[in-house]
Amino acid sequence: MTGDAIDRRTDVRASVEGRSRAARLTLWFGSPLAVAAVATIAFGAPPLVYQYVPLALSVLVLGLPHGAVDHLVVPRARDDPVTPRSLAFVGVLYLLLGSAYALVWVLAPVAAFVLFILVTLVHWGQGDVYALLEFVGADHLETRASRLLTLLVRGGLPMLVPLVAFPAQYAFVAETIVELFDPGAATALEPLFEPAVRAAVAVGFGSLIALSLALGFCRTSPGERRPWLADAAETLGLVGYFATVPPILAIGLYFCFWHSLRHVLRTMLVDPVASAALERGAIRAAFRRFARDATPLTVAALAVLVGIWLVVPRTPATVPDVLAVYLVGIAVLTLPHVVVVSLLDREEGIWSP
Ligand SMILES: CC1=C(/C=C/C(C)=C/C=C/C(C)=C/C=O)C(C)(C)CCC1
Ligand SMILES: [Fe+2]
């Protein structure tokens with residue numbers, strides 16, 4: 001065997017090890033969500049102030065930082081150096097898309113809010129498709145169509161199940177966000193929360209879940225159903241989770257310990273230093289490396305939040321107002337983040353099976 005072939009073989013084995021560590025970590029990090037669901041069923045929902053805690057944590061823990069390595073991931077995935085040009089590309093992308101979307105918030109907050117929900121649905125769905133392929137080994141998602149369907153299901157879980165199960169809290173947060181910009185405009189969202197609309201969402205989305213799982217099942221043969229079973233268990237588990245835990249708490253925990261964790265692990269796997277640490281089980285070292293890479297732009301993201309705080313016409317005065325400002329900040333930062341993650345998807349062949 002040539003030296004080259006040996007190197008390649010070691011490389012492949014190493015990355016399999018890294019991925020299986022990552023997969024195990026996703027399970028461990030899922031426990032806060034499970035605890036929240038069980039505790040809510042056993043003792044009822046916690047008082048509202050506590051429900052905000054995970055979203056508050058997400059400013060520094062996994063949430064906001066998960067996008068703060070966007071300037072590094074694409075060159076790393078391509079094995080290219082990070083250059084002033086590649087940095088400028090991400091900087092200009094954030095500046096242009098972020099400020100254009102900020103303008104939409106000021107001019108048409110209702111449309112901006114609906115767009116936020118749709119972008120989140122697509123982005124969180126896209127993140128889960130990656131995780132299913134790379135961490136779960138989902139070979140029942142062979143075709144682009146099956147991946148698209150899974151994207152809609154996985155993204156729809158955090159955005160649509162709470163709309164059906166907790167319309168009052170959903171409407172409250174939506175109205176608080178829109179009212180930061182235009183006190184009268186939120187009434188335009190009211191039809192969304194009508195029982196008939198929620199029933200239609202429940203039936204439509206429920207059917208989509210059933211269809212996606214049934215198609216996946218048909219594509220697997222007995223004896224190799226484990227990945228499909230994992231997909232089904234996650235999907236149904238998340239249905240139960242978002243149907244029982246109030247959305248401010250549920251989405252806060254999901255944002256940190258589901259979406260962001262998976263993306264952070266993904267960024268580690270394209271980084272030779274962090275992935276080597278993951279492979280040898282040095283989890284802390286891998287996270288330290290991530291934290292180091294993510295610190296500068298997490299600070300920049302905090303500056304964006306302060307900017308939005310200063311720009312909104314209504315000065316935030318209450319906890320719900322502060323959450324609303326935070327969510328607008330996340331919205332503005334997420335749009336360019338989706339572009340970067342989509343480039344990463346392309347690099348990793350997620351949509352071209
Ligand atoms: C908190 C919360 C809501 C919205 C949260 C959203 C949309 C978060 C998006 C986060 C993103 C895009 C993070 C980046 O990866 C709802 C649904 C209005 C319902 C009530 C609680
Ligand atoms: Fe993300």
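A quick word on ground rules. This is a predicted model, in which local features need pLDDT of at least 70 and side-chain atom pairs count only at pLDDT 80 or more, while totals for chains, interfaces and linings use all residues. Residues are numbered from 1 along each chain as its sequence is written, and chains are lettered from A and ligands numbered from 1 in the order in which they are written.

Now the overall picture. The C-alpha trace spans about 70 × 50 × 35 Å along its principal axes. Of the 353 residues, 41% count as buried; that label needs 20 or more other C-beta atoms within 10 Å of the residue's own, exposed means 12 or fewer, partly exposed is in between, and C-beta atoms are placed from the backbone. Among contacts between residues at least 6 apart in sequence, 79% join residues at least 24 apart, a contact being two C-beta atoms, placed from the backbone, within 7 Å.

Which residues does the "transmembrane region" annotation cover? The unreviewed UniProt entry lists 25–46, 148–172, 238–261, 294–312 and 324–344. Positions follow the numbering used here, feature names are shortened, and annotations may be inferred rather than shown by experiment. In the model, residues 25–46 are 82% helix and 0% strand, with end C-alpha atoms 27 Å apart. Residues 324–344 are 100% helix and 0% strand, and their end C-alpha atoms lie 29 Å apart.

On to helix packing. Axes here are lines fitted to C-alpha atoms, for helices over the stretch in contact, with angles from 0 to 180 degrees between N-to-C directions. Angles under 35 degrees count as roughly parallel, over 145 as roughly antiparallel, 65 to 115 as roughly perpendicular and the rest as oblique.

Take α13 (residues 272–279) and α14 (residues 283–311): their axes come within 7 Å and cross at roughly 165 degrees. That makes α13 roughly antiparallel to α14. Residues meeting across this pair include Val-273 and Ala-274 in α13, and Arg-289 and Phe-290 in α14.

Next, the axes of α7 (residues 109–134) and α12 (residues 247–269) come within 10 Å and cross at roughly 50 degrees. That makes α7 oblique to α12. Here Trp-124, Gly-127, Tyr-130 and Ala-131 in α7 meet His-259, Arg-262, His-263 and Arg-266 in α12.

Finally, α9 (residues 167–181) and α15 (residues 319–347) pack at about 80 degrees, with axes 9 Å apart. That makes α9 roughly perpendicular to α15. Thr-176, Ile-177 and Leu-180 supply the α9 side of this contact.

Most residues other than glycine have a negative phi. Leu-62, though, has a positive phi near 65 degrees, and sits in the loop between α4 (53–57) and α5 (70–78). Is Leu-62 buried or exposed? Leu-62 is buried, because 22 other C-beta atoms lie within 10 Å. Asp-79 also has a positive phi near 65 degrees, in the loop between α5 and α6 (84–107). Asp-79 has 9 C-beta neighbours inside 10 Å, so this residue counts as exposed. Thanks, everyone!

Terms used:
Helices (H or I, at least four residues) and strands (E, at least two) are DSSP runs, numbered from the N terminus.
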